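Thanks for making time this morning. I have one structure to go through, and I will go from single residues to the overall fold.

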Amino acid sequence: MFSSTAPGVLILDTGTDVVHAEHPIVAPGETSVHGEHHGGALPAAPVRAIRPRSAAEVAFCSLGPAAEAFITGAAGAGHTRLGPKLAQLNTLTAAHGHAAMVTALERATAFGRWKASAVRSILAAGTGLPTPLPAGNALGHRPAHSHRAVAGRDAPTTKAVSS
């Protein structure tokens, strides 16, 4: 909250003198919204629900969160002509099955591929595609013919032969 001497907005019930809310004045473009006024904490980013209207949209959204993430990503990337391509994507779902299509949509979303032709290519590649991982530590690979042999590990083993 803010001190009583700081400028701000005070929401007060004048009949009962009950303070309903106190908000400090903030810079232009900032907000002073408290989650407790809205039934809990507010999300960090606004949530824009997908609202399918056509039969093709309803069928595509039935694929679940993967389809919603694909539509949201495509819209965020500026693809405004996804609607007519949903019929092609639904045909791919019928041809390849629900599970394969969900996997293809997840991969397309991960790589920012928003066209039906990209999803078709992912489906055509099948399940043998590598799954990229974030960069980690370098592999501890040592060549077999290292100049420094570690005793007991890389050193050649020889036995003395007595006759």
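Ala77 sits in the loop between α2 and α3. This is a predicted model, by the way. Is Ala77 buried, partly exposed or exposed? Its relative accessibility is 46%, so Ala77 counts as partly exposed, since the exposed class begins over 50%.

The backbone is what I wanted to point out: Asp17 has a positive phi of about 60°, and it is not a glycine. Asp17 counts as exposed because its relative accessibility is 56%.

Now the helices. Two packed helices are described by the angle between their axes and the distance between those axes. For α3 and α4, the axes come within 7 Å and cross at roughly 130°. Which residues make the contact? From α3 they are Leu89, Leu92, Thr93 and His96; from α4 they are His98, Ala100 and Met101. By type, the residues of this contact are 4 nonpolar and 3 polar, with no charged residue.

Two of those names, Leu89 and Met101, come back in the core. The largest nonpolar core has 22 residues. Those with the most contacts inside it are Phe60, Phe70, Leu89, Met101, Leu105 and Val119. Where does the core come from? At least two residues each are supplied by α1 (55-61), α2 (65-76), α3 (82-96), α4 (98-110) and α5 (116-125). Take Leu105 as an example: leaving out residues up to four places away in sequence, it touches Phe60, Leu63, Ala66, Ala67, Phe70 and Val119.

Last, the totals. The protein has 5 helices and 2 strands, and along the sequence the pattern reads β-β-α-α-α-α-α. Of its 163 residues, 19% count as buried. The accessible surface comes to about 12400 Å², with 58% of that belonging to carbon and sulfur atoms. As for contacts between residues at least 6 apart in sequence, 38% join residues at least 24 apart.

That is what I have; questions are welcome.

Terms used. Residues numbered from 1 in each chain as written. Predicted model: local features only at pLDDT ≥ 70, side-chain atom pairs only at ≥ 80, totals over all residues. Heavy atoms only, no water. Core = buried A, V, L, I, M, F, W, Y, C linked by side-chain atoms within 4.5 Å. Buried < 20%, exposed > 50% of the residue type's maximum accessible area, 1.4 Å probe, protein only. Helix = DSSP H or I, 4+ residues; strand = E, 2+ residues; numbered from the N terminus. Contact = heavy atoms within 4.5 Å. Areas by Shrake-Rupley, 256 points an atom, 1.4 Å probe, with all protein chains shown as cover. Axes fitted to C-alpha atoms, helices over the stretch in contact; angles between N-to-C directions. Nonpolar A, V, L, I, M, F, W, Y, C, P; charged D, E, K, R; others polar.
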